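The text below is meant to be read beside the sequence and the structure.

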Amino acid sequence: MTPSRDISRLLEIMAALRTPATGCPWHLEQDFATIAPYTIEEAYEVADAIARGDLEDLRDELGDLLLQVVFHARMAEEQKAFSFGDVVEAITRKMIRRHPHVFADKDVRPTRSDVKGAWERIKSEEKAERAASRSTEQARHMGLLSGVKVGQPALARALELQRKASTVGFDWNDPRAVLHKIREEADEIEAALDRGDTGELAEETGDLMFAVVNLARHFGADPELVLRGTNAKFERRFGYIERSLESQGRSLNGASLEEMDALWNEAKGGT
């Protein structure tokens, strides 16, 4: 089987990998749940390539992400649920519906705020339609937060849960109140440390992280991007420690914590 620019070849490859008896044993063992973590990982690698400005790598990572879509669609087709073509049709229908100013009312030139308002209104209509298609019992349990996807990364989901709750006034009005909550959670972690309760420590640490996400939201900062920036800063400073020790003919394993901490403080002065 040869490579191709045609999506049909990729679909054929996945079908071959999933064919019983002649396919790949690993691919045949997988299901939606086991593949989902890879799907999330590939999405992050796409974002990483963009952050690095590496367009060649971005091309490859987008291919890996597309493979995840094809993989899920193939498993759904095997269960006679839907096919890759159904996925494409669903998203094209959604994009046309959500952009009436482009595909319908071409004489209208809306502002950015008009477009955002229409987008949210159409999304709400779609959500209502999906809820109506469910059973009465299911619909009864559709609360304000039910639309926040469970499969999102925890950081992004925490942010979206807080945003949703804030739409009905369940929110702090002052960022300093959030900062007070952070200090309160830190005190609870210290109390759990004193008690040696590892289960409580984990729970309180989660509460602290949730509160920090809330603080970032109040400043209009994306906690994911903020943390990415801090990660990059940590890498730069730790790299300085490594290079400094190497210039002395030494390694990290041969350095004391005090020495590494001193080099860290030197790195802070320059980054």
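Two residues are in contact when heavy atoms of theirs lie within 4.5 Å. The model is predicted.

**Helix α9 and its surroundings**

With that cut-off, the buried residues of α9 pack against α11 (198-218) and α12 (223-247). Those buried residues are A158, L159, L161, Q162 and A165. Viewed down the axis of α9, they fall within an arc of 160 degrees, so they line one face of the helix. In general, an α-helix has 3.6 residues a turn, so residues three or four places apart point the same way. Helix α9 covers residues 154-166; at 1.5 Å a residue its 13 residues should span 18 Å, and its end C-alpha atoms are 18 Å apart, which agrees.

**Helices α10 and α11**

Helix α11 has 21 residues and reaches 30 Å from first to last C-alpha, close to the 30 Å expected at 1.5 Å a residue. Its buried residues are L201, E204, A211, V213, N214, L215, A216 and R217. The cover over these buried residues includes α9, α10 and α12.

What does E185 touch, leaving aside residues up to four places away in sequence? The contacts of E185 are E204, D207 and L208. E185 sits in helix α10 (residues 175-195). With a relative accessible area of 4%, E185 is buried, as the cut-off for a buried residue is under 20%. E204, one of its contacts, is among the buried residues of α11.

**Aromatic pairs**

There are three aromatic pairs in the model. Two of them are set out here.

| Pair | Geometry | Centre to centre | Angle between planes |
|---|---|---|---|
| W26 and Y38 | edge-to-face | 5.9 Å | 80 degrees |
| F234 and W264 | tilted | 5.4 Å | 50 degrees |

W26 belongs to helix α2 (residues 25-29) and Y38 to helix α3 (residues 32-52), so this pair ties together parts that are twelve residues apart in sequence. W26 is partly exposed at 36% relative accessible area, and Y38 is also partly exposed, at 37%.

F234 has a relative accessible area of 47% and is partly exposed. F234 and W264 also belong to one aromatic cluster, together with F238.

**The chain as a whole**

The secondary structure of the protein chain consists of 13 helices and zero strands. Is the chain a compact globule or more spread out than one? Its radius of gyration is 25 Å, well over the 18 Å that the globule rule gives for 271 residues, so the chain is more spread out than a compact globule. Along its principal axes, the C-alpha trace spans about 60 × 55 × 45 Å.

Buried residues make up 21% of the 271 residues. Of the contacts with a separation of 6 or more, 49% are between residues 24 or more positions apart. The protein chain exposes about 18,700 Å², and carbon and sulfur atoms supply 57% of that area.

Terms used
Residues are numbered from 1 along each chain as its sequence is written. This is a predicted model: local features need pLDDT of at least 70, side-chain atom pairs count only at pLDDT 80 or more; totals for chains, interfaces and linings use all residues. Side-chain values use heavy atoms; hydrogens and water are left out. Helices (H or I, at least four residues) and strands (E, at least two) are DSSP runs, numbered from the N terminus. The expected span of a helix is 1.5 Å times one less than its number of residues. Buried means under 20% relative accessible area, exposed over 50%, partly exposed in between (1.4 Å probe, protein chains only). The arc is that of the directions from the helix axis to the C-beta atoms. Rings of Phe, Tyr and Trp (its six-membered ring) pair if their centres lie within 6.5 Å; planes under 30 degrees apart count as stacked, over 60 as edge-to-face and the rest as tilted. The radius of gyration is taken over C-alpha atoms; the globule rule is 2.2 Å times the number of residues to the power 0.38. Accessible areas come from the Shrake-Rupley method with a 1.4 Å probe; for residues, only the protein chains shown count as cover.
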